[in-house]
Amino acid sequence: MMLEVMARAYRPTPDVPLRAWLEANYRLPDEGADLPGPYRPEYVPALWGIMHALDVSRMVVTMKAAQIGWTYLLVGYLCKRIKVAPSAMIGLFPKDSAAREFSDEKFVPSVRATPAMAGTVDVSGSRKAGQRATFKSFPGGFMKLVGSNSVSNVKSTPAPLVLVEEPDDTNDNVGEQGDAIRLARERLKRWRRGQLVLGGTPSTKGLSRVEEFLDLSNKRVLPIRCHSCGETHVLAWRTCRGCRRMRARRRTWSMAARCPRRRCTCARCAVRRGMTGNDRRTCDRR
């Protein structure tokens with residue numbers, strides 16, 4: 001009996017897929033989240049592929065638009081790693097102030113709102129055991145958030161997980177020793193299964209750092225399925241159409257995606273217009 005109790009105590013936490021872990025354990029905080037409470041992956045289907053890539057890939061690069069839920073996904077991934085596979089972690093931000101804002105506005109409230117993280121990371125605000133806004137220790141590792149404007153910040157600590165937020169805003173030359181992202185990647189050399197995660201909004205085309213790293217990847221995209229023909233295609237501005245509508249005596253614009261197939265017909269519009277067979281037309285207002 002005693003051996004069974006000891007075995008359960010020392011049994012490692014099962015490594016479940018990130019999407020399943022977030023759905024079962026992760027909670028969004030009341031402050032800063034539009035829909036606080038349990039994390040719902042079905043609300044962010046564009047991030048499903050990124051969740052899978054974080055589980056299996058050694059380098060994950062996300063070139064994204066603003067305000068799509070990336071930061072809270074990153075926080076959820078950190079929580080899962082802290083709980084399931086604790087280790088040293090480094091987060092690289094453009095400036096020290098951005099690192100503190102990430103900790104105070106995203107990470108700490110999310111940890112407080114997630115019951116599964118209770119007792120794992122001290123987010124009480126006290127400085128005992130060296131805890132501070134940009135450094136959090138936990139059993140099996142620590143998380144260090146640094147700015148890209150200091151050589152000592154970027155070069156000091158090896159870690160198997162390096163996160164880079166907004167690569168286009170990081171320093172290109174830190175203390176005449178090279179760009180901050182390259183220096184941060186050096187922290188992974190000692191680890192056989194090190195992982196680099198970059199995510200940010202691109203700046204100027206051809207000069208963007210996140211675009212540069214995206215060119216090194218397999219450039220996965222998210223295809224969507226047409227409701228009429230069933231074929232999949234990548235959402236692009238050239239397939240979107242806008243139309244004006246009158247609502248409550250006010251003229252509004254709405255935008256909708258159209259299937260790029262030239263012979264695809266919107267079945268709903270064909271029924272509404274009384275068209276059949278070859279008389280159907282492609283609907284621009286789907």
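The following questions and answers concern a predicted model of a protein chain.

Guide: Local features need pLDDT of at least 70 and side-chain atom pairs count only at pLDDT 80 or more, whereas totals for chains, interfaces and linings use all residues. Residues are numbered from 1 along each chain as its sequence is written, and side-chain values use heavy atoms, with hydrogens and water left out.

Visitor: How many helices and strands does the protein chain have?

Guide: Helices (H or I, at least four residues) and strands (E, at least two) are DSSP runs, numbered from the N terminus. Counted in this way, the protein chain has nine helices and twelve strands.

Visitor: Is S103 buried or exposed?

Guide: S103 belongs to helix α5, residues 96-113. Buried means under 20% relative accessible area, exposed over 50%, and partly exposed in between (1.4 Å probe, protein chains only). The relative accessible area of S103 is 0%, so this residue is buried.

Visitor: Which residues are in contact with S103, leaving aside its neighbours within four places in sequence?

Guide: Contact means heavy atoms within 4.5 Å. With those neighbours left aside, S103 has contacts with V108, P109, A133, K136 and L145.

Visitor: What is the orientation of α2 and α3 to each other?

Guide: Axes are lines fitted to C-alpha atoms, for helices over the stretch in contact, and angles run from 0 to 180 degrees between N-to-C directions. The axes of α2 (residues 18-25) and α3 (residues 48-56) come within 8 Å and cross at roughly 110 degrees. Angles under 35 degrees count as roughly parallel, over 145 as roughly antiparallel, 65 to 115 as roughly perpendicular and the rest as oblique. The two helices α2 and α3 are therefore roughly perpendicular.

Visitor: Which residues of α3 meet α2?

Guide: On the side of α2, the residues are L18, R19 and L22. Their partners in α3 are W48, M51, L54 and D55.

Visitor: In which sense do β5 and β6 pair?

Guide: Strands of a sheet pair through backbone hydrogen bonds, either parallel or antiparallel. Within this pair, F138 stands opposite G141 in β6. Over four bridges, β5 and β6 (residues 141-147) pair in the sense called antiparallel.

Methods. Two strands pair if DSSP finds at least two bridges between them.
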